[in-house]
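Q: Could you walk me through this structure? I would like to take the topics one at a time.

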Amino acid sequence: QVLAEITPGEVAPGQPQVFTYALTPAFNSRDLGFDSIAIDTPSLSGGVDAVRISGQEVSFEVRRLDETGFELAIPRIDPTRTGERIEVDFRAEVFQFGTLFSGRVFDSEKPFEVRQALTAGDADPLVDGDRLSVDLLQVGQQSIRTLRLRSAVFTPNGDGVNDLAEIEYDLLNVQAVPVMIEVFDLAGRKVGVVAVGERSSGRFQAAWDGRGAEGGFLPPGTYLLRLVVGTDQGEDQAQAVVGLVY
């Protein structure tokens with residue numbers, strides 16, 4: 001068995017945060033040990049900063065880092081090291097209350113063996129929590145945390161430079177809700193739709209190429225992008241203004 005816990009247990013939504021993931025293995029005489037750790041994250045991790053065994057920093061190798069989590073190679077932990085605490089410092093962002101950072105340990109020399117799932121528990125007696133989930137602080141009723149544009153002006157002239165209005169938005173505490181980004185002119189007329197689909201909590205990107213509902217490029221001017229998210233309580237909305245220039 002490997003007990004594990006994560007700290008801190010509460011963080012601000014959508015903000016880069018340094019987490020410490022503590023693991024304490026308990027071996028029996030037949031266990032062979034492990035040399036790798038996999039940790040699941042809710043989005044692309046900002047990176048792994050350090051690994052410690054019994055309080056001493058050790059060398060490690062990041063073998064995988066993507067939107068689902070990361071895998072590390074560490075010095076081998078065998079039954080002679082039972083009860084030694086392993087700590088992993090990494091950076092991530094949380095968008096959902098109660099986000100689970102599950103994990104596994106495994107032996108890289110035995111790739112076909114079932115990986116040992118980590119069990120939430122008191123891996124570090126100096127830390128309160130004993131859990132692998134993280135909650136959010138200061139969560140309001142709005143599902144939209146932010147709506148941002150990479151640039152306030154874009155030029156869809158086909159030269160490959162700033163051809164798209166690049167949109168980024170964060171959603172909090174939602175599961176498979178309908179999301180739409182609409183385009184309006186300054187007279188309030190709906191002239192296009194950028195993206196339609198279902199999304200859950202997280203950070204997302206979209207792009208508008210300057211085309212309207214009929215498929216042609218809209219005339220130069222200032223347009224309003226409206227993000228609409230359907231929830232059980234109704235619709236949440238956020239807006240951003242973008243300039244289209246040729």
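**A patch, some pairs and a sheet**

A: Leu44 is placed in the loop between strand 4 (34-40) and strand 5 (47-53). Helices (H or I, at least four residues) and strands (E, at least two) are DSSP runs, numbered from the N terminus. This is a predicted model, in which local features need pLDDT of at least 70 and side-chain atom pairs count only at pLDDT 80 or more, while totals for chains, interfaces and linings use all residues. Residues are numbered from 1 along each chain as its sequence is written, and side-chain values use heavy atoms, with hydrogens and water left out.

Q: Which residues make the nonpolar surface patch with Leu44?
A: Leu44, Val62 and Leu65 make a nonpolar surface patch of about 220 Å². Patches are made of residues with over 30% relative accessible area and no salt bridge; like charges are joined within 9 Å, and nonpolar side chains (Val, Leu, Ile, Met, Phe, Trp, Tyr) within 5 Å. Accessible areas come from the Shrake-Rupley method with a 1.4 Å probe, and for residues only the protein chains shown count as cover.

Q: What is the relative accessible area of Leu44?
A: Leu44 has a relative accessible area of 43%, and is thus partly exposed. Buried means under 20% relative accessible area, exposed means over 50%, and partly exposed is in between (1.4 Å probe, protein chains only).

Q: New topic: how many salt bridges are in the whole structure?
A: A search of the whole structure gives 25 salt bridges. A salt bridge is a side-chain nitrogen of Lys or Arg within 4 Å of a carboxyl oxygen of Asp or Glu. Side chains of opposite charge can pair when their charged atoms come close.

Q: Which residue forms a salt bridge with Glu71?
A: The partner of Glu71 is Arg115, with the closest N and O atoms 2.9 Å apart. This pair links distant parts of the chain, 44 residues apart: Glu71 is in strand 8 (residues 69-77), and Arg115 is in the loop between strand 11 (103-106) and strand 12 (116-117).

Q: Is Glu71 buried or exposed?
A: Glu71 is buried, at 15% relative accessible area, whereas Arg115 is partly exposed at 34%.

Q: What about Glu168 and Arg148: what is their N to O distance?
A: Their side chains meet in a salt bridge at 2.6 Å, N to O. Glu168 is in strand 17 (residues 165-171) and Arg148 in strand 15 (residues 144-149), so this pair ties together parts that are 20 residues apart in sequence. Glu168 is partly exposed at 23% relative accessibility, and Arg148 is partly exposed at 27%.

Q: And Arg211, which residue does its side chain meet in a salt bridge?
A: Arg211 meets Asp209, at 3.4 Å from N to O. Arg211 has a relative accessible area of 34%, and Asp209 has 29%.

Q: On to rings. How many aromatic pairs are there in the whole structure?
A: The search finds nine aromatic pairs. One of them is formed by Trp208 and Tyr223 and is edge-to-face, at 5.6 Å centre to centre with 75° between the planes. Rings of Phe, Tyr and Trp (its six-membered ring) pair if their centres lie within 6.5 Å; planes under 30 degrees apart count as stacked, over 60 as edge-to-face and the rest as tilted.

Q: Are Trp208 and Tyr223 buried or exposed?
A: Trp208 is buried at 2% relative accessibility, and Tyr223 is buried at 6%.

Q: Which ring does the charged end of Arg211 sit over?
A: The charged end of Arg211 sits over the ring of Phe217, 4.1 Å from its centre. Arg115 lies over the face of Phe106, at 3.6 Å from the ring centre. A charge sits over a ring if NZ of Lys or CZ of Arg is within 6 Å of the ring centre and within 35 degrees of the ring normal.

Q: Finally, in what order do the six strands of the open sheet come?
A: The order is 6-5-9-3-1-13, and the pairing is mixed. Strand 6 (56-57) and strand 13 (119-120) stand at the edges with a single partner strand each, so one side of each is left without a neighbour in the sheet. Two strands pair if DSSP finds at least two bridges between them.
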